[in-house]
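This report goes through the sheets, the helix packing, the domains and the chain contact of the structure shown below. Please keep the sequence and the coordinates at hand while reading.

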There are 2 protein chains.
Amino acid sequence: MRFSLSVKIKFEQMKKVSVGVDIGGTNTAIGVVDDMGHVLTKDNIATPIHGDINLYIDELAASIKNLITNAKLLNEDLEILGIGIGAPNGNYYKGTIEHAPNLSFKGVVPFVDLLKARFDDIEAIALTNDANAAAIGEMMYGGAKGMKNFAMYTLGTGVGSGLVVNGDLVYGHDGFAGECGHTTLIPGGRLCGCGAKGHLEAYCSAPGMKRTAFELLVQTNDTESPLAKHSYNELNSKMIYDAAVEGDKLANEVFEITGGYLGQGLADTVHHNSPEAIFLFGGPLAAGNLILDPTKKAFEDHLLSIFKNKIKIMPSKLNAGDAAIVGASALVLKELEK
Amino acid sequence: MRFSLSVKIKFEQMKKVSVGVDIGGTNTAIGVVDDMGHVLTKDNIATPIHGDINLYIDELAASIKNLITNAKLLNEDLEILGIGIGAPNGNYYKGTIEHAPNLSFKGVVPFVDLLKARFDDIEAIALTNDANAAAIGEMMYGGAKGMKNFAMYTLGTGVGSGLVVNGDLVYGHDGFAGECGHTTLIPGGRLCGCGAKGHLEAYCSAPGMKRTAFELLVQTNDTESPLAKHSYNELNSKMIYDAAVEGDKLANEVFEITGGYLGQGLADTVHHNSPEAIFLFGGPLAAGNLILDPTKKAFEDHLLSIFKNKIKIMPSKLNAGDAAIVGASALVLKELEK
């Protein structure tokens, strides 16, 4: 009787944590995250250009083990629930990274299997793409808590998305669903990074905003705009934001136009899955209402009447600096729910 | 012991049937459907223009009761599992028909509640929109048997769609998901029946094909085409098909262009939910490869490389004449699975 009581207290003191890994084109961020979504310890390693996946997995495994050791120094009663990974072209069903254009590892990489071979004491290791991981993070720790149907768009170098239907992430038949950045917004329009034309990503990513700024410069010949002082390679979305805040008309118009494009795309996500809310995440969201207001307006303009004035467009409530790690770690919790 | 055995034999002889109701703008089709998807008895009543919902429900209930009686004459051991209804702007969660533009019943009609009041012996009465009902029919009795992720597009006067993710129909947060006919295909393009511009429905419905035919006549001034002999109000998609089969160049081009539009739209459904297959249903599909080939080509052209050459575009395997009734009746089976 006394023994059983002591075990129970011990169990309740155990802090449950997951490891989140976010693999980007140049940098891999790793963190130990508790079940409230707080990052206890974190680290960064280079995502290598050498293409040797085994070398990289060794480095990654060493970093994870080191972080777990450090986290246990802070709190000895840690229970490691698993490892969640967000990666470009991550296939949830197979645990693979497949033909990721911005990584040096070619072909189909059995990432989860390779990592499992280094962690025979950890059962739950799962992988999906970075935007899907962000959506799960939003569901577990962010603004989508309790929502069964929502969407998340991540705006950065590209545009990613994660869709949740009936409380589960939509992986589709092959593990790759949620590529809304590659829906066609303008038939025959701008060349997208994927090689096709007119995709949402070519208009609503940070580089897409830069392209819109130069398009406006060309159309208006506005040599007074501070944006006219930078080369095509120099100009970035932060400079457009700064100019807009200073009152530059052209920079403000970039936000208006970008929101117009984004609102059209978000409406089509509603016409597919009718989410309760769409969360927006990433650098351009730092502009707040500069981007949100025109997005909401175009969104409502494009919605079928049965959907008007009831679907929320909101910035993500995840902490921008840790969101990728936290989202990846949340994948473990979602796995353990099953 | 003997009693229990006799009850079991009796039970196995019972034929389980559902009633399917398809509410169209002018006609309501009703059928008693067995659990193999065969229609045992069917009837049609006018969808009234008088706007009196109670009168219509009385007529509908009388027709259903009459059909059940007739079906029982054929097979006395019928078990009525429930009533499934497909209706424009049907809300699955609430059992309501809401602001349907082509029906005379205005506002929000509590259709399921009204029908339940006439059938206190039938528990399972469910309603959704007609395209969703068709998708459930395809899943239960058609080409989507065993598929967990697929989409269905119904091409007719309008374009409807039903999406299935993880084995369940996507109803969204409000019961209205799956309105892919109203995604924007051509920004600023043709006026859609809903009042917005450039929607897929304005290009890929049967009237959309007619519009494309006249657009081509305008562009080419092809006075030799048999399509040039009909007024705008006379020309229909069947005439375009007949002309195409006879070798008319312009009519063939209408199918090429329509397939091009449709392929673009279907690709964006893949970029959202990554279905295993997309089923196409409706009048224009009678043209077979005339419409399927250009659709498949444009579809592949618009897909992100991870999705290419693996997603099937197929005609529905439901019997065209009975599909709406059968789909609506299948909604009951799907309900009883829960």
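## Three-stranded sheet of chain A

In this predicted model, chain A has an open sheet of three strands in the order 5-6-7, with antiparallel pairing. Strand 5 (90-91) and strand 7 (108-109) of chain A are the edge strands, and each of them pairs on one side only.

Strand 5 of chain A runs antiparallel to strand 6 (residues 96-98) of chain A, and two bridges join them. Gly90(A) has Ile97(A) in strand 6 of chain A as its bridge partner.

## Five-stranded sheet of chain A

A further open sheet in chain A has five strands in the order 3-2-1-4-8, and its pairing is mixed. Strand 3 and strand 8 (124-128) of chain A each have a single partner strand, so one side of each is left without a neighbour in the sheet. From one strand to the next, the twist averages 15°. In general, strands of a sheet pair through backbone hydrogen bonds, in either a parallel or an antiparallel manner.

Both kinds of pairing can be located here. Strand 4 (residues 78-86) of chain A runs parallel to strand 8 of chain A, with five bridges between them, and Gly82(A) has Ala124(A) in strand 8 of chain A as its bridge partner. Strand 2 (residues 27-34) of chain A runs antiparallel to strand 3 (residues 39-46) of chain A, and seven bridges join this pair. Asn27(A) stands opposite Ala46(A) in strand 3 of chain A. Strand 2 and strand 3 of chain A form a hairpin with four residues between them, and Gly37(A) in the turn has a positive phi of about 85°.

Which strands does helix 10 (residues 323-337) of chain A lie across? They are strand 1, strand 2, strand 3, strand 4 and strand 8 of chain A, and the helix runs at about 115° to strand 4 of chain A.

## Domains of chain A

Chain A is divided into domain 1, made of 2-139 + 322-337, and domain 2, made of 147-315. The C-alpha centres of domain 1 and domain 2 of chain A lie 29 Å apart. In the contact between them, domain 1 of chain A takes part with 14 residues and domain 2 of chain A with 14 residues.

On the side of domain 1 of chain A that touches domain 2 of chain A, helix 4 (residues 130-141) of chain A gives the largest share, eight residues. By class, this side of domain 1 of chain A has eight nonpolar, three polar and three charged residues.

## Helix 4 against helix 10 in chain B

Helix 4 of chain B contributes residues including Asp130(B), Ala133(B), Ile136(B), Met140(B) and Tyr141(B), and helix 10 of chain B contributes residues including Ala323(B), Val326(B), Leu331(B), Leu333(B) and Lys334(B). The residues of the contact of helix 4 with helix 10 of chain B divide into twelve nonpolar, two polar and two charged.

## Contact between the chains

In the contact between the chains, 35 residues of chain B meet 35 residues of chain A. On the side of chain B that touches chain A, strand 10 (159-165) and helix 8 (249-273) of chain B each supply at least two residues. Helix 8 of chain B gives the largest share of that side, six residues. The classes on this side of chain B are 14 nonpolar, 15 polar and six charged residues.

A rotation of 180° with 0.0 Å of shift along its axis superposes chain B on chain A, with an RMSD of 0.0 Å. The two copies are therefore related as by a two-fold rotation axis. The same surface serves both copies, as 100% of the contact residues of chain B recur in chain A.

Definitions and conventions: Residues numbered from 1 in each chain as written. Chains lettered and ligands numbered in written order. Predicted model: local features only at pLDDT ≥ 70, side-chain atom pairs only at ≥ 80, totals over all residues. Contact = placed C-beta atoms within 7 Å. Nonpolar A, V, L, I, M, F, W, Y, C, P; charged D, E, K, R; others polar. Least-squares fit on C-alpha atoms with pLDDT ≥ 70 in both. Domains from an automatic or database assignment. Pairing = 2+ DSSP bridges. Axes fitted to C-alpha atoms, helices over the stretch in contact; angles between N-to-C directions.
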